[in-house]
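Hi everyone, thanks for coming. Let me walk you through a few spots in this model, and please have a look at it as we go.

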Amino acid sequence: MTTNTPATQGTSPITTKQVEEEKLFDFLPQMFGKYYMLGESVVYSTMRELCVGYCGGQWLYFDLSNGGHFMGLDSETDFEVIITGNHFQDSLSSDAASIVVNLLVLARIGESVLERGDEDAAKHLFNEHHLLMDFAREHKEAEKIMRAVD
């Protein structure tokens, strides 16, 4: 599903591994910490909000070789992604759109819990965001992803 190329010569590319069925229950708490139920639902609602034509689907969970995680929509469909806050509008693969949504959700929830004084949870969410951002920079649609989350 996800393909990427090394960002710089001499470094190994960040790879993905789909989470095995017996480890699915551990995934969301690893990604979102104690806000895992909120995180999952906000990923789905944000996908509906930003991606024209998205109306649900099968989601897969991925571990990144750099220690990060992301939820990816299992679809071959491209989506028109519209983010009015930064005037982004472009067609993205379901993989790239999923990465954009994950990055936005991690940042939003991280900012929200930091405002409420939960610094440890915010630190965890921002670290997950950073690790996913590193992966996104290597993605074949990196330029569009970076514009979308700018």
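Helices here are DSSP runs of H or I with at least four residues, strands are runs of E with at least two, and both are numbered from the N terminus.

Before going on, a word on where this comes from. It is a predicted model, where local features need pLDDT of at least 70 and side-chain atom pairs count only at pLDDT 80 or more, while totals for chains, interfaces and linings use all residues. Residues are numbered from 1 along each chain as its sequence is written, and side-chain values use heavy atoms, leaving out hydrogens and water.

So which residues of helix 1 are buried? Helix 1 spans residues 24–32, and the buried ones are F27, L28, M31 and F32; buried means under 20% relative accessible area, with a 1.4 Å probe and protein chains only. They cover an arc of only 90° around the axis, taken from the directions from the axis to the C-beta atoms, and therefore sit on the same side of helix 1. An α-helix has 3.6 residues a turn, so residues three or four places apart point the same way.

Now to a pair of helices. Helix 2 (residues 36–50) packs against helix 3 (residues 94–115) at an angle of about 125°, and their axes are 9 Å apart. The axes are lines fitted to C-alpha atoms over the stretch in contact, and angles run from 0 to 180 degrees between N-to-C directions. That angle makes helix 2 oblique to helix 3, because oblique is whatever is left once under 35 degrees is roughly parallel, over 145 roughly antiparallel and 65 to 115 roughly perpendicular. On the helix 2 side, the contact residues include L38, V42 and L50, and on the helix 3 side they include V101 and L104.

Let's stay with L50, in helix 2. With 5% relative accessibility, L50 counts as buried. Leaving aside neighbours within four places in sequence, L50 is in contact with E80, V81, I82, I83, V101 and L104.

Last stop: H129, in helix 4. Is H129 buried or exposed? At 19% relative accessibility, H129 counts as buried. Not counting residues up to four places away in sequence, H129 touches L103, L106 and A107.

Definitions and conventions:
Contact means heavy atoms within 4.5 Å. Buried means under 20% relative accessible area, exposed over 50%, partly exposed in between (1.4 Å probe, protein chains only).
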